[in-house]
Structures are given as C-alpha cells and as structure tokens.
Amino acid sequence: MSSPALARYEAKLAGLQRRGRARALLPQQGVDFTSNDYLGLANAPRVKAAISAAIERGVPAGAGGSRLLRGNHAEHEALEEEAASFFGAGKVLYFGSGYAANAATFSTLPQRDDLIVHDALIHASAHEGISASKALSVAVPHNDVEAFDQAIGRWRQAGGKGHPWIAVESLYSMDGDQAPLTALADIADRHEGFLVVDEAHATGIYGPDGRGLAAGLEGRGNVVVLHTCGKALGVSGALLALPAVLADHLVNRARNFIYSTAPSPLMAAAVREALRMIADEPERRVRLEALISHAGEELRSRLGLSPSGSQILPVMIGDNARALRIAERMRAGGFDVRAIRPPTVPEGTARLRISITLNVDEGQISAMSERLAMAIEEDRA
Ligand SMILES: Cc1ncc(COP(=O)(O)O)c(C=O)c1O
C-alpha cells in the first residue's frame, strides 16, 4: 500500500521515467557486447583453479574484519607485494572495489590547502571522493592539457599554497579515448603536484605486460595509479599503486579502508592469478587487438563511425529514449548492448557503449554491426 512517505519516491521514479532516465536491472541477454571482461578472464579456468587451490590450502571465504583488525590476511599481503613488484610501485593497497579506492584516494590524500583539477569526464567514484575532500576542486574540459595548467596557475595566483592533484582516467570509460598522460605528468612535476591515473579500462590490455598506459610513470613520488580488478582482470577489487608514505597515510586515515570488512582472501588469491595471467598470456591482448580492429572496420563501413581505436566503442545517439529503443532492439536480436544515459554521460550524449571482449569472435562482431545499422535505420522509420 502506498503511503505519503513512499509516494515521494514514486514521484521521483515517475520523473526519471518521463525524462528517459529510469533504470532497472536487466538479465544478461545475448552475446556480450557490454561487459568489461575484456580479456575473458571472468570465466577462465586458471582463475577458478586458483580459487579452488586457495580453498584447498585453507584460505577462508571471509576476512572476518577490517584490515586494521583481524581481517588482514596473508593472501592480501601476498597480493599487494606481488602487485607492487609487477607495477613497479612503492606500495600497493588492495581495496574491495575501484569505487572505494577512488573515494578513499580523493577524500583522504589531497589536503585542505590543495587543489584537485579533474577532467570533466572522470568517473562517479572519483567525484564521490572529491566531494568529500577538504581541498578545492575544479573541472576542466576533457583532455585539454592547457586547461589543467591554467587552472593550477590561476589557483596559485589567487594565493593557493598547497599542492595540486591532477585527476584523469588513462582510457575513458564511456568514450574509449586516452588521456595525454606524459604532458599531464610534466604539469604535475612543474607545479609540485600529484597525478592520479585511473587505469580501470586500461589495466591488463595496454602497456608492457598489460601494466597499463601509465606503466612508465609508476613508482614516481608524485604518481598514484588505480588498477581495478573487475574489468580486464575479470575478478573484483582494486589495486591502488602509490608511494609508500601515501599508502600508510590511507591505512591511517581512509575511512572506507579502515571501517570496512577486508575483501575476501579468496578474491585476493584470484586477483593474484589474474595478474600472472596478463603477464603470461600476451596472446589475449593480441587477440583483443585483432577484434578491436575488426570492430572498428565494421562500424566504419556499416555506420560511417570513426572508431575510438580501443575496446570501448561509443555509438552516439543523443536522445535518451531513442538510445533505449535501439538497445532494446539489439537485445531482442540476441546482442547484449546497453544504452548509457545522463547523468553517467553529459546531457544530450546518450549512447550505446559497445565493448569488445574475448567473449566474442569476428563473426559475432560483424553480425552485431549489421544488426546495429538496421536497428538505427528501423528506429528512424
Ligand atoms: C573509470 C572507472 N573507475 C572506477 C570504477 C569503479 O571500479 P569498480 O567497478 O571496481 O568499483 C569504474 C567502474 O565502473 C570505472 O569505469
């Protein structure tokens, strides 16, 4: 029965519905053109075997507490040590999710007299941390190197005394394009600032041994890199790679690290195996690259698109309701394609976010592209 207290939520949901912004949980349906399981590791026998082996040697399912209490398991520490050596970082902290790690980073590391300068398109989890931070923050236009530099310059001229923090994604989650990391690292160096790189969609796929697009910057005293484990690594959690003193600061100050049950030690064992796989099985990256280039050609020839060049291929639609309708047609045709709408992406840029993973082959990519060209046409009619 509806009550006035619940009616407020019904009205809000009705408002979302009217604006084409309502969301609902859908089952997995059809061929995967939407997941972030880029290298097909989520279902890989080696990862599952690592979990079985961990169970065999007595690793518990649950951590039983916060890392700062009895929840700190040898599996977490083994993973963090192996990851620090793999990424060439001072220290690595394993978080339960990338969302938690971004929230912890931005709410805890920048200090009151600092400035956070972030790309306009950074992920919601970074915004979560930024809005909880005591530092000032400013957004700059997407991938505009000059704008980062100028925002810091203006802040200094206005009396900014602390250190600037530049926040970007190495490969943008909804656009599939890359950040100009080297130029941004130079700006951070010049202004005695820090560079925070979210590699959520690059780890495992790009850089030497799949170490990401920021591989050449890791280990610097002013660079913090987030490697999430739920995308190309196929499992879950996030590895935050940073100078040891900053890691120790987080262990002492980051509320969502301190006041939260540690991730499952079994998951830590799974992540360790996934990291080994990205180093040992470069053929997965080679295969993905071939699929990306096939998808690019298909989308270019059938839809006249300029592909991003990465495994994330946005097909811009604009209108929310239209994006939803086309995605529905795709699912009805056996292809799991999702519409991405505001506020996840800017107003007026609703899109289909096609992702390419090792869960598909060339034939399925061609069939999906053909169906997509038809679905867009049918929706116009
Ligand atoms: C760019 C980016 N950062 C962080 C996250 C959060 O990572 P997780 O899914 O591990 O919470 C995501 C996932 O949606 C992402 O796309």
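This is a predicted model: local features need pLDDT of at least 70, side-chain atom pairs count only at pLDDT 80 or more; totals for chains, interfaces and linings use all residues.
Domain bounds in this description come from an automatic or database domain assignment. Residues are numbered from 1 along each chain as its sequence is written, and side-chain values use heavy atoms, with hydrogens and water left out.

The protein is divided into domain 1, formed by 25-43 + 282-380, and domain 2, formed by 59-280. Taken over C-alpha atoms, the centres of domain 1 and domain 2 are separated by 27 Å. To the contact between them, domain 1 contributes 24 residues and domain 2 contributes 22 residues, where contact means heavy atoms within 4.5 Å. About 1,700 Å² is buried between domain 1 and domain 2, and carbon and sulfur atoms give 58% of this area. Buried area is the accessible area (1.4 Å probe) that two parts lose on being put together, summed over both.

Between domain 1 and domain 2, 1 salt bridge is counted, a salt bridge being a side-chain nitrogen of Lys or Arg within 4 Å of a carboxyl oxygen of Asp or Glu. The side chains of Asp 175 and Arg 351 form a salt bridge with an N to O distance of 3.1 Å. The count of residue pairs in polar contact between domain 1 and domain 2 is 10, with both residues at pLDDT 80 or more. A polar contact is a pair of N or O atoms within 3.5 Å; within protein, one must be able to donate a hydrogen and the other to accept it, and residues adjacent in sequence count only if both atoms are side-chain atoms.

On the side of domain 1 that touches domain 2, two or more residues are given by each of α11 (282-303), β9 (312-318) and β12 (350-355). Helices (H or I, at least four residues) and strands (E, at least two) are DSSP runs, numbered from the N terminus. The most is given by α11, with 6 residues.

Helix α11 also holds Arg 284. Leaving aside residues up to four places away in sequence, Arg 284 touches Leu 39, Gly 40, Leu 41, Ala 44, Met 277 and Leu 358. The side chains of Arg 284 and Glu 281 are joined by a polar contact of 2.7 Å.

Around the ligand there are 13 residues, of which Gly 98, Tyr 99, Asp 198, His 201 and Lys 231 come nearest; a residue is near a molecule or strand if one of its heavy atoms lies within 4 Å of it. A backbone N or O atom of Gly 98 is 2.7 Å from an oxygen atom of the ligand, and a polar backbone atom of Tyr 99 is 2.9 Å from an oxygen atom of the ligand. For His 123, a polar side-chain atom lies 3.1 Å from an oxygen atom of the ligand.

Over the whole structure, 23 salt bridges are found. One of these joins the side chains of Glu 80 and Arg 67 at 2.8 Å, N to O. Glu 80 lies in helix α3 (residues 74-87) and Arg 67 in the loop between α2 (45-56) and α3, so this pair ties together parts that are 13 residues apart in sequence.

Two features of the backbone complete the description. Most residues other than glycine have a negative phi, and most peptide bonds are trans. The peptide bond from Pro 342 to Pro 343 is cis, with omega near 5 degrees, and Pro 343 is found in the loop between β11 (339-340) and β12. Asn 143, in the loop between β4 (136-140) and α6 (145-157), has a positive phi, near 60 degrees.
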